[in-house]
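Me: I'd like to understand the words used for this structure, not just read them off. Could you take me through them, setting each value against its cut-off?

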Amino acid sequence: MSMAPLPLLYLSSADVRRALPMTEAISAMREAFAELSAGHVTLLHRACMQAADQHGDDLIMPCHSAKLGIFSLKTVTVYDKNPQHGLPTIQALVILTDDATGAHLAVIDGTSLTALRTGAASGLATDVLARPDAASVAVFGAGVQARTQLEAVCCVRTMREARVYDANPAAADQFAADMTERLGLPVQRADTPAGALADIDVVCTATSSPKPVFEDNELPPGTHINAVGVYRPEMAEIPAPVVCRARVVVDHLASALEEAGDLIGPLRQGLIEQSHFETELGQILLGQSPGRRDASEVTLFKSVGVAIQDLYAGARALDHARRLELGVPLS
C-alpha cells in the first residue's frame, strides 16, 4: 500500500450500503475465500466474552491479509433478546489498518458490513453449489441477516418465488412486504416450515434457534442450503439427518470445528466423520474440490463467519467510498 498519509474515514451504515452493493460484496467474498483456502491469510480464533445475565456475547475477530496489506479488527455483539426492545441483534464496528505504516485507515459500521458480507458469502455459495435452474428460495428468520441472505441469492439466480418463515408471524409479514418492495420479487409468508419448503430450490437459515427449524422429511431433493445463524457448538438450525446426507461445504474448517453446532452435534454423536465436512468453499473456487455432483444432491454451506470476510468487504467498501467521496474524515 502507499506510504502517503490518508485520512482516517468513518463509514456509516448508509455509506457502506452505497459503497458496497451486493454484487460487489459477492465479488469480494470470492477473493476472500480463495485467499483463505490458499493459506494466504492470518487469522486468530474468534474470542468470545459473555454477559450471561444480559443474554449477550461480545466477539473479537482479528485478521491480516498480506495481499491487501491490511489488518482488520472487528468487535461484534450478539444479543438475542434485543429485538424485543427495538434494538438489532447484531451490532459491530470494523477497524482497518495499513500493515506498512500501522496507520488506521477506516472505522466502519460493522452491523451493515456483517449483514452484507454474510449474505454475500451465501450468494457466492449458492452460485457455486445450487442447481443452475434454481428459481425458488425459502428464508428462515426475518431479521437483518435474513434480508441480505435473500438479496444475495437473488443476485446469482433468477428467482421467481420466495417464502419466509419466522416464529413471529408479524415479523415474517413485515419481511415479506419489505423484500417484495425492495427486490420486485413476490415474497410470501409461510405458515409452517413444511409450507416454506414445498418444492423449494434454495434454503437460507438465519435464526438464533437452538434446535432445527425444519424436519428432514420436509426438505426436497436437490436443494441447496445456506446455514448462517448458529455459531455455538450446542445449537443447530439444520436437522442431523440432513447434515448426514448432504454434500457439506464450510467457510473455514478450523472455525467450523470450534463453533458449527449443526456439524459438531452429528460428529459427536458418531453420525458422521470429520471428513464429511472438510471441504472449504475456497477449495472449490480454487478447483481443488468438486462442488455439486448431481441435480438430486442436497448441498449445505455452513458458515460461522470468518474475519477475512470483514477485511475484504471492508477494504472493498473503503476503496469505493474514497472514489465516491463518502464517509467522514476523523483525522
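**Reading the labels**

Me: Which residues is L219 in contact with, leaving aside its neighbours within four places in sequence?

Reply: They are L197, V203, F214, I225, V242, R245 and V298. Contact here means heavy atoms within 4.5 Å. Before we go on, this is a predicted model, where local features need pLDDT of at least 70 and side-chain atom pairs count only at pLDDT 80 or more, while totals for chains, interfaces and linings use all residues. Residues are numbered from 1 along each chain as its sequence is written, and side-chain values use heavy atoms, with hydrogens and water left out.

Me: How is A142 classed, and what makes it so?

Reply: The relative accessible area of A142 is 12%, so A142 is buried as well. A142 belongs to the loop between β8 (136-140) and α4, and touches R147, D166, A171, A172 and F175, not counting residues up to four places away in sequence.

Me: What stands out about the phi of D199?

Reply: It is near 55°, a positive value in a residue other than glycine. In general, most residues other than glycine have a negative phi. D199 is found in the loop between α6 (193-197) and β11 (202-205), and with 69% relative accessibility it counts as exposed.

Me: How do you class E325, buried or exposed?

Reply: E325 is at 72% relative accessibility, so it counts as exposed. E325 follows α11, in the loop between α11 and β15 (328-329). Its phi is positive too, at about 60°, although E325 is not a glycine.

**Helices and their packing**

Me: Why are α3 and α11 described by the angle term they get?

Reply: Helices (H or I, at least four residues) and strands (E, at least two) are DSSP runs, numbered from the N terminus. Axes are lines fitted to C-alpha atoms, for helices over the stretch in contact, and angles run from 0 to 180 degrees between N-to-C directions. Angles under 35 degrees count as roughly parallel, over 145 as roughly antiparallel, 65 to 115 as roughly perpendicular and the rest as oblique. The axes of α3 (residues 110-129) and α11 (residues 307-324) cross at roughly 105° and come within 10 Å. The two helices are therefore roughly perpendicular to each other.

Me: Which residues meet there?

Reply: L113, T114, R117, T118 and A121 in α3 meet Q309, D310, A313 and G314 in α11. This set divides into three nonpolar, four polar and two charged. Ala, Val, Leu, Ile, Met, Phe, Trp, Tyr, Cys and Pro count as nonpolar, Asp, Glu, Lys and Arg as charged, and the others, Gly among them, as polar. Q309 has a relative accessible area of 0%, so it is buried.

Me: What makes α11 count as largely enclosed?

Reply: Of its 18 residues, 14 are buried, so α11 is largely enclosed by the rest of the structure. α3 is mostly covered, with 17 of its 20 residues buried.

Me: What angle do α2 and α4 pack at, and what is that called?

Reply: α2 (residues 22-37) and α4 (residues 144-156) pack at about 85°, with axes 10 Å apart. These helices are therefore roughly perpendicular to each other. M22, T23 and I26 in α2 meet T148, E151, A152, C155 and V156 in α4.

**The core**

Me: Which residues touch the most other members of the largest nonpolar core?

Reply: A nonpolar core is a set of buried Ala, Val, Leu, Ile, Met, Phe, Trp, Tyr and Cys residues joined through side-chain atoms within 4.5 Å. In the largest one, with 52 residues, M29, L96, I108 and I308 touch the most other members. The largest share, nine residues, comes from α11. A second, separate core of 27 residues includes I200, V242, A256 and L263.

Terms used: Buried means under 20% relative accessible area, exposed over 50%, partly exposed in between (1.4 Å probe, protein chains only).
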